[in-house]
Amino acid sequence: MPTNSPTCCSLKNEPQGLNAEHDPSTPMAASQPDSQATGTYVLGTDAAEQQRLSQQHALWLSSAQEAWGRAGLAAGERVLDLGAGPGFVSLELARQVGAGGRVLALELSPSYGEAARRAAAEAGLAQLEVRRHDLCSDPLPQEGFDLVWCRWVAMFLPSLEPLLDQLAATLKPGARVLFHEYVHWSTFGLHPDGDAVRRFGAAALASFRAAGGDPDVNRRLPSLLAARGFRIDALRPLPLLGSPGDAGDAVANWLESFVDVYGQQLIRQGFWTPTAAAAASAEIAAASQDPGAYWMGPTVMELQATR
Ligand SMILES: C[S@@+](CC[C@H](N)C(=O)[O-])C[C@H]1O[C@@H](n2cnc3c(N)ncnc32)[C@H](O)[C@@H]1O
């Protein structure tokens with residue numbers, strides 16, 4: 001089995017995801033892979049992955065906004081965005097807190113950070129600052145944050161304790177933390193006839209683990225936070241289901257894009273083969289002709305807690 005460098009961080013081949021329209025004129029498309037980065041991020045940061053991430057964000061935006069509403073995010077607040085990627089969510093958070101608030105986006109990948117910086121400048125969101133930061137080793141800024149947001153990042157960290165210890169030590173009493181991380185990645189699947197897709201899912205899981213991550217990290221996060229003095233306010237599973245025959249189905253588009261884009265990464269990493277990829281494509285094509293076929297997404301869980 002090939003090994004990805006299980007360094008603390010990771011910037012290599014990120015997963016792709018949801019289909020969202022990506023405007024090639026945006027700064028994201030101009031971003032380059034992070035060949036200069038010290039670590040390897042298993043999903044990568046190339047243009048295809050950035051587009052996939054954009055699609056994924058579009059699909060999950062309403063879930064994020066609902067979570068912020070439940071956590072009482074208000075104009076003027078100070079927000080910390082952990083592992084912000086190309087800044088899709090950071091921009092939304094900056095709009096939510098308005099000019100009187102502040103969002104500090106921390107991101108390991110220089111190219112993602114630069115994309116986020118450019119997008120903030122183009123959108124005129126001066127309240128958004130983006131900083132290069134390794135969540136495994138760099139000290140968290142202490143700015144009296146009101147809310148911390150973390151989505152699809154903890155799952156890639158080989159060690160959670162340094163980050164969680166710092167959150168406990170630096171956040172003020174009453175600060176809220178919100179995680180959207182997977183709790184049961186293996187619900188990912190195409191039914192009823194998705195054996196090649198199931199093997200793709202197993203290969204994806206193996207690659208995440210080989211890079212030092214834990215795809216089901218949200219099974220552990222609530223206890224780890226409680227042990228550090230956080231009050232657990234809510235745990236909420238967020239399942240997704242899609243129809244492979246519907247070209248407008250955002251869930252199906254996301255998952256099919258993931259198989260396509262991350263499949264290429266898995267082949268490069270040695271976890272999958274072109275023959276297996278062709279079998280998965282044939283399965284997906286056959287499923288699109290079956291009105292009863294359906295996709296299930298890997299299950300995210302919302303974790304809301306208070307310091
Ligand atoms: C799947 S993306 C999610 C991006 C963003 N949170 C979102 O929801 O769109 C995972 C992100 O975590 C970042 N990341 C991984 N390891 C990191 C680390 N040690 N420190 C900071 N960021 C990290 C990656 O560079 C990538 O941008």
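**Helix H6, its partner H9, and two other local features**

The axes of H6 and H9 cross at roughly 130° and come within 7 Å; axes here are lines fitted to C-alpha atoms, for helices over the stretch in contact, with angles running from 0 to 180 degrees between N-to-C directions. Helices and strands are DSSP runs numbered from the N terminus (H or I, at least four residues, for helices; E, at least two, for strands). This is a predicted model, in which local features need pLDDT of at least 70 and side-chain atom pairs count only at pLDDT 80 or more, while totals for chains, interfaces and linings use all residues. Residues are numbered from 1 along each chain as its sequence is written.

H6 and H9 are therefore oblique to each other; angles under 35 degrees count as roughly parallel, over 145 as roughly antiparallel, 65 to 115 as roughly perpendicular, and the rest as oblique. On the H6 side the contact is made by Ala196, Val197, Arg199 and Phe200, and on the H9 side by Ala276, Ala279, Ala280 and Glu283. Contact means that two residues have their C-beta atoms, placed from the backbone, within 7 Å.

Now for H6 itself. The helix covers residues 195-210, 16 residues in total, and its first and last C-alpha atoms are 23 Å apart, close to the 22 Å expected at 1.5 Å a residue; the expected span is 1.5 Å times one less than the number of residues. Ala196, Val197, Phe200, Gly201, Ala203, Ala204, Ser207 and Phe208 of H6 are buried. A buried residue has 20 or more other C-beta atoms within 10 Å of its own, an exposed one 12 or fewer, and a partly exposed one falls in between, with C-beta atoms placed from the backbone. Strand S6 (189-191), helix H8 (250-269) and helix H9 (274-287) are included in what covers the buried residues of H6. Just after H6 comes glycine 212, with a positive phi of about 100°.

Among the buried residues of H4 are Tyr112, Glu114 and Arg117. Glycine 124 follows H4, and its phi is positive, near 70°.

Finally, a loop residue. Phenylalanine 230 sits in the loop between helix H7 (221-226) and strand S7 (231-238), and is buried, with 23 other C-beta atoms within 10 Å. Its C-alpha atom is separated by 6.2 Å from that of alanine 305, although the two are 75 residues apart along the chain. Leaving aside residues up to four places away in sequence, phenylalanine 230 touches Val177, Leu225, Ala305, Thr306 and Arg307.
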